[in-house]
Amino acid sequence: MASIVPSTHNPDIVKERKNATCKSEEIAVWYHGGVDKLKHKREIEKELFSDFEKDYGIKHEYLDHEGVYNRAVEQGTKAAKKLRRLQKERNPGGKEIWPRGIYDASSFGIFPANSPFTIHITMFVDVLKGQGTPEQVEKWVGLAENCNIIGTYAQTELGHGTNLRGIQTRADYDRKTQEFVLNTPCLQAYKWWPGGLGHTANYANVVAQLYIDGENKGIQMFLVQVRDLETHMPLPGIDIGEIGKKIGMHAVNQGFLGLKNVRIPRDQMLMKNAKVMPDGTFIESPDTKLTYMTMVYTRCLIVKMDSVYLLEAATIAARYSAVRRQSPINPDDPEPQIMDHVTQQLKIFPEIASGVAYDVAAEQVLEYYNETMQEINNGKYTRMPEAHALSCALKVLCTTDACAGIERLRLACGGHGFMTAANIGNIYGNAVAAYTYEGENTVLLLQIGRFLMKSWSYLVEGKQMLNSVEYLRQGQEKNSFQKWDNSWECIINAFKYTAAHKTRIAFESFSERMMAGQTQPEAFNNSGIELTQAAEYHGRQFVAEIFCKAITGPRSANFSPPTKAVMETLVELYLVHITLRHLSDILRFIPLTEADVKSLQRRLEVALQKIRPEAVALTDGFDFDDRVLNSVLGAYDGNVYERIFESAKMSPMNKKPVQDSFETYLKPFMKSQL
């Protein structure tokens, strides 16, 4: 069938780009980290998508469950070969093309239903590097990076997730054979959810309780082979398979794993930190929290990915809103672009700001992570709680806001947003999974709350505090906030001040309950609402400050004045919008007047007006390839209706004018007398 999609671009979207003052290319250079990185990214995408069949992404949606997985494996292996070759040609020994290219934003075009290889690349390899001894790293990491072995990270169990202490998988040390014997003692102890475990991985980093002579030595990490390297059949004692279809991420191939008397050599416990000697002597880790640092890094990657998902959905919604015309503002006027409606602007523009804010905040925490790891390598562990708390806060807030934002953006696309071909459903399915994996969000908020309680106790006792909680000092005095002056600094300080007093209230509530006779765990549980609120504001003040610094600081020095103005308007919108959203909490501690609130509302409206003519060019700046967006509503050319109709014609049901069920069921039913 010949394509009905015009070779020209929709005139409305052409007008949007022509009238914008900001430069998409400048934003793209900034967003992707420089001219060279942007050029590199585009060249890689050109190579990755060079042999893709037309409408690959839409056709992918009509495959059955097995077909989706097998297609992902096919495309993943083909892409890996290309990326390896390019890495060897351009920068032998580097990592920026392979393996990074198999899990960055470009990979969404390869894997419309996500990838069965991501956990291998991001977690399995990193855990080996981060928790293995030099000898273990030398033996295993090369094999893993080259995909001679494919692994996964098996921590979560059917009955236990975020609560690591409750994990039931056992590893008993047999000093006679110098082996660990791993067992799944009950159904609830089956490993559940690891990506790629179902049918892709042949090794797994298994988190288990270590026992020596029947004595529990705590959680440790074990490298376990689960499938034969030649036949790929499960090894003896291994019960393994896929967990079934989910709301999204259909190709990730999440699996289950049961272990029955599975023996592995002693040197397959990862022993960079804790160690088991041949005679069974156990040497404790210098800090039991060292194993959590892998999770800090992983959570930063999650924030990066969910911010991308949010910006993808915002790009689709912005382009669609520039093309869709409906509902005249004045009764006798022509139908306007729906982006002209202020309510539509409010659905879309704050999500653009939020996506950029979380992206730059994740970059900052990744810097903290690298600095903290350098200190750890020098035997200093003081900053680990800070990095942990910030990564938890970003993971919680970004996944929460991104999921809600993507849904708002889907609704902003009206009925057409409900179509699979719009791809917002796939984007949402990928994003919302992160709400619970690598730490369920409420549990992470409570972990931040515990960190804040300890930090507040340091403040009360006059001990030195970590930099990220210095703002808590503002919570010691009530009614001490500066005069409200509407500046960005004032808004950021308002979030710090609110966060400090939320922490004070949580600490007072926690202390009062303990004084009333509750145990510390009981008091902590019963103070959970206050603790999670304090934890949320700990994250929000951080994101607000980092976003403001990123746009006003040296990182943005190369923007031309018009582009700089638009990006600053994005900060203005973000700060004003989150202030209005959280006004009830802020007003509890800061006496804003009616005039102050009216001013914020007016500033919101002005920011929306300023972004309106820039929205399409602004989202163009994220430089999402059409094959990455995979959306009939969000293609660069704006030919929405032709693409919608063409995608409908691709439905397998349209190959036959009459379905088999007509003669078998529908016709007899219509002719029957009830």
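Predicted model: local features only at pLDDT ≥ 70, side-chain atom pairs only at ≥ 80, totals over all residues.
Helix 9 (residues 293-323) has 31 residues and reaches 46 Å from its first C-alpha to its last, close to the 45 Å expected at 1.5 Å a residue; the expected span is 1.5 Å times one less than the number of residues. Helices are DSSP runs of H or I with at least four residues, numbered from the N terminus.

Residues are numbered from 1 along each chain as its sequence is written, and side-chain values use heavy atoms, with hydrogens and water left out.

**Salt bridges**

- The count is 52 salt bridges, each being a side-chain nitrogen of Lys or Arg within 4 Å of a carboxyl oxygen of Asp or Glu.
- Lys82 and Asp51 form one of them, at 2.8 Å from N to O.
- Lys82 lies in helix 5 (residues 65-90) and Asp51 in the loop between helix 3 (35-48) and helix 4 (56-60), so this pair ties together parts that are 31 residues apart in sequence.
- Lys82 is buried at 12% relative accessibility, whereas Asp51 is exposed at 51%.
- Glu53 and Lys59 meet in a salt bridge of 3.4 Å, N to O; Glu53 is partly exposed at 37%, and Lys59 is partly exposed at 37%.
- Arg410 pairs with Glu407, their closest N and O atoms being 2.8 Å apart.
- Both Arg410 and Glu407 lie in helix 11 (residues 384-412), three residues apart, about one turn of the helix.
- Arg410 is buried at 18%, and Glu407 is partly exposed at 29%.
- A network of salt bridges links Glu25, Lys41, Arg42, Glu45 and Asp623.

**Cysteines**

- There are zero disulfides, a disulfide being a pair of cysteine sulfur atoms within 2.5 Å.
- For Cys490, the nearest cysteine sulfur is that of Cys548, 12 Å away, which is too far for a bond.
- Cys490 is buried at 0% relative accessibility, and Cys548 is buried at 12%.

**Nonpolar surface patch**

- Leu666, Phe669 and Met670 make a nonpolar surface patch of about 330 Å².
- Such patches join nonpolar side chains (Val, Leu, Ile, Met, Phe, Trp, Tyr) within 5 Å, from residues with over 30% relative accessible area and no salt bridge.
- Phe669 lies in helix 23 (residues 660-671) and is exposed, with a relative accessible area of 53%.

Methods: Buried < 20%, exposed > 50% of the residue type's maximum accessible area, 1.4 Å probe, protein only. Helix = DSSP H or I, 4+ residues; strand = E, 2+ residues; numbered from the N terminus. Patch = residues over 30% accessible without salt bridge, like charges linked within 9 Å, V, L, I, M, F, W, Y side chains within 5 Å. Areas by Shrake-Rupley, 256 points an atom, 1.4 Å probe, with all protein chains shown as cover.
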